[in-house]
Structure formats: structure tokens, C-alpha cells
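Here are my notes for someone opening this model for the first time. Have the sequence and the 3D view side by side while you read.

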Amino acid sequence: MIERRDVFQAIADPTRRRIILKLANGPLNLGEIGEDFGISRQAIAKHIKVLNECGMISVTQKGREQFCEARLGQLDEVVDWVAESRKVWTQRFAKLDKFLDDTSEK
């Protein structure tokens, strides 16, 4: 069974969020990505695999090295979701404020 991954799975993990931020500055190989994390290269490779499956990065082979590059366009889906959620909750809180105001006037 193939697991479908999306951008929300990519950003759900703090290590993956840090990797995305690091790659936002430009392409890096696996060794360069893992320098600041204090985890094994194998663990970094697993995070890279998830990010690649989510479409958040692209991985290209150059000689013996794999280079990763951020594909930040996928974050638009998160921005859209946050904006829609904010609109829904703003409306709900406005209704609650009105209800509380009406209740306190009685």
C-alpha cells in the first residue's frame, strides 16, 4: 500500500520544518543539511524521503552526492488553510461576542 503524503505531514515534524528553512537558502547535499541537527545521516535521509514524497523538496543526484532543493510553492496550501480557518474562527468568535453582549444586557 502506498501512503499518500501531503504538505501537512511535511511540516508536522520540527526537524522537517528546520530542514525546509535551511533549504530555503539554496540547495544542499545531505551532509550539509545534517550538520546542525545532531542526528544520524540515516535519520536525515528519512526526513528527506518524507519531504520529497510530500513535494516539499526535489532531490537530484550529482556524482556521488544527492542535492536537495526546496519547493516552497507547496506552502501555499498551508497559507490557504490557515486563512480559511482564521475566517471561520473569526466568525464564530464574533457570534460568541454578540451572544455574550446580548446576554449581559438582560
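This is a predicted model: local features need pLDDT of at least 70, side-chain atom pairs count only at pLDDT 80 or more; totals for chains, interfaces and linings use all residues.

1. Let's start with helix α2, which covers residues 14–23. Which of its residues are buried? They are Thr 15, Arg 16, Ile 19, Ile 20, Lys 22 and Leu 23. Look down the axis of α2 and you'll find these buried residues within an arc of 160°, so they line one face of the helix.

2. What does that face of α2 pack against? The buried residues of α2 are in contact with α1, with strand β1 (28–29) and with α3 (30–34). They also pack against α4 (41–53), β2 (57–62) and β3 (65–70).

3. While you're at α2, check how the helix begins. Asp 13 caps the N-terminal end, with a side-chain oxygen 2.8 Å from the backbone nitrogen of Thr 15. Thr 15 is also one of the buried residues from point 2.

4. Now for the charged pairs. Side chains of opposite charge can pair when their charged atoms come close. How many salt bridges are there? The count is five, and I'll go through some of them here.

5. In helix α4, Glu 53 and Lys 49 sit four residues apart, about one turn of the helix. Their side chains meet in a salt bridge at 4.0 Å, N to O. Glu 53 is partly exposed, because its relative accessibility is 38%, while Lys 49, at 52%, counts as exposed.

6. Helix α5 (residues 75–105) has pairs of this kind too. Lys 87 and Glu 84 form a salt bridge, their closest N and O atoms being 3.4 Å apart. They are three residues apart in α5, so about one helical turn separates them. Lys 87 is partly exposed at 45% relative accessibility, and Glu 84 is partly exposed at 43%.

7. Asp 102 counts as partly exposed at 32%, whereas Lys 98 counts as exposed at 52%. Back at Lys 49 and Glu 53, salt bridges that share partners join those two and Arg 5 into one network.

8. Next, the rings. There are two aromatic pairs. Phe 8 and Trp 81 make an edge-to-face pair, 5.9 Å centre to centre with 70° between the planes. This pair links distant parts of the chain: Phe 8 belongs to helix α1 (residues 7–11) and Trp 81 to helix α5, 73 residues apart. Phe 8 is partly exposed at 29% relative accessibility, but Trp 81 is exposed at 53%.

9. The other pair is Trp 89 with Phe 93, whose ring centres are 5.8 Å apart; the planes are at 40°, so the pair is tilted. Both residues lie in helix α5, four residues apart, about one turn. Trp 89 is partly exposed at 44%, and so is Phe 93, with a relative accessible area of 48%.

10. Arg 92 lies over the face of Trp 89, at 4.8 Å from the ring centre. Elsewhere, the charged end of Lys 62 sits over the ring of Phe 67, 5.4 Å from its centre.

11. Last stop: Thr 103, also in helix α5. Its side chain reaches the backbone oxygen of Phe 99 at 2.7 Å.

Definitions and conventions. Residues are numbered from 1 along each chain as its sequence is written. Side-chain values use heavy atoms; hydrogens and water are left out. Helices (H or I, at least four residues) and strands (E, at least two) are DSSP runs, numbered from the N terminus. A polar contact is a pair of N or O atoms within 3.5 Å; within protein, one must be able to donate a hydrogen and the other to accept it, and residues adjacent in sequence count only if both atoms are side-chain atoms. Rings of Phe, Tyr and Trp (its six-membered ring) pair if their centres lie within 6.5 Å; planes under 30 degrees apart count as stacked, over 60 as edge-to-face and the rest as tilted. Buried means under 20% relative accessible area, exposed over 50%, partly exposed in between (1.4 Å probe, protein chains only). A charge sits over a ring if NZ of Lys or CZ of Arg is within 6 Å of the ring centre and within 35 degrees of the ring normal. The arc is that of the directions from the helix axis to the C-beta atoms. Contact means heavy atoms within 4.5 Å.
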